[in-house]
Amino acid sequence: MNGIFVTGTDTGVGKTIVTSLLARFLKEKSYRVATQKWIETGCRNLNKPCPLTRTYRFKFPASPHLAARSEKRSIQEVKIKRSFKLLAKNFDFVIVEGIGGALVPFSKKRLVIDIAKDLNLPTIVVVANKLGAINHTLLTIEAIRKRKMKIIGLVFNNLKPKENKIVVKDNPQIVKAISQEKILGILPYSRSKNFLYKKFIPIGKKLI
């Protein structure tokens with residue numbers, strides 16, 4: 001399957017930026033690339049539905065199960081899988097951005113990551129590089145391994161300009177030592193997408 005699932009250690013860790021940087025990198029390598037977000041909450045504008053790339057969109061900023069319930073709707077995973085497979089037939093890569101952390105429910109019985117497992121998607125984990133990242137990252141890795149899903153590697157994302165330098169330097173090192181997972185790289189804090197892309201290029205080269 002020509003898909004990649006981008007998950008994270010929490011909400012707001014940088015999944016969107018990593019997804020966009022990866023898509024740009026692959027496009028510049030002349031691959032046909034589509035990005036997809038199966039479920040999106042906290043949407044201000046619901047007037048422009050994109051059933052293939054944005055399968056479900058909700059106004060309430062909450063977990064998918066709660067956002068859907070607030071609108072008296074249900075999320076059908078068969079619809080999500082159908083949309084992914086249709087894109088996969090027409091693109092070299094389909095990069096799926098998860099929602100929140102790894103274990104986010106879309107119903108009382110199912111998690112978003114369960115759909116990624118069913119589709120046999122390898123996973124990139126985006127880590128908020130800060131104090132507390134070690135615990136969050138190792139728990140995320142355990143959850144993915146429990147589902148026997150392949151982890152491509154981890155991207156540590158520096159979200160603040162003044163995070164403790166000793167902490168953010170040690171986080172990837174200790175996580176790698178304990179988990180033996182591949183550290184794809186570290187993204188510095190920056191508001192410049194072009195600057196971040198330059199820093200992402202070595203990460204992208206490790207993926208293809």
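## Salt bridges and ring contacts

In this predicted model, the count of salt bridges comes to twelve.

Q: Why is the contact between Glu40 and Arg54 called a salt bridge?

A: The N to O distance between the side chains of Glu40 and Arg54 is 3.3 Å. The cut-off is 4 Å between a side-chain nitrogen of Lys or Arg and a carboxyl oxygen of Asp or Glu, so the contact qualifies.

Q: What makes the pair of Glu40 and Arg54 a tie between parts of the chain?

A: Glu40 belongs to strand β2 and Arg54 to strand β3 (residues 54-57), so the pair ties together parts that are 14 residues apart in sequence.

Q: Why is Arg54 described as partly exposed?

A: Its relative accessible area is 25%. Buried requires a value under 20% and exposed a value over 50%, so a value in between is called partly exposed.

Q: Which salt bridges does Asp118 form with Lys81 and Arg110, and at what distances?

A: With Lys81, the closest N and O atoms of the salt bridge are 3.0 Å apart. This pair links distant parts of the chain, with Asp118 in helix α4 (residues 112-118) and Lys81 in helix α3 (residues 77-90), 37 residues apart. With Arg110, the closest N and O atoms are 2.7 Å apart. The limit is 4 Å, so both contacts count. Glu77, Lys81, Arg110 and Asp118 are linked in a network of salt bridges.

Q: How many aromatic pairs are found in the whole structure?

A: The search finds four aromatic pairs, among them Tyr31 with Phe93.

Q: Why is the pair of Tyr31 and Phe93 called edge-to-face?

A: The ring centres of Tyr31 and Phe93 lie 5.1 Å apart and the planes stand at 85 degrees, so the pair is edge-to-face. The rule asks for centres within 6.5 Å and planes over 60 degrees apart.

Q: What makes Tyr56 and Phe58 a stacked pair?

A: Their rings are 6.3 Å apart, centre to centre, with 0 degrees between the planes. Stacked requires planes under 30 degrees apart and centres within 6.5 Å, so the label applies.

Q: Are Tyr56 and Phe58 buried or exposed?

A: Tyr56 is buried at a relative accessible area of 5%, and Phe58 is buried at 0%. The label follows because buried means under 20%.

Q: Where does the charged end of Lys79 sit?

A: The charged end of Lys79 sits over the ring of Tyr56, 4.7 Å from the ring centre.

How values were computed:
Residues numbered from 1 in each chain as written. Predicted model: local features only at pLDDT ≥ 70, side-chain atom pairs only at ≥ 80, totals over all residues. Heavy atoms only, no water. Phe/Tyr/Trp six-rings, centres within 6.5 Å; stacked < 30°, edge-to-face > 60°. Buried < 20%, exposed > 50% of the residue type's maximum accessible area, 1.4 Å probe, protein only. Lys NZ or Arg CZ within 6 Å of the ring centre and 35° of its normal. Helix = DSSP H or I, 4+ residues; strand = E, 2+ residues; numbered from the N terminus.
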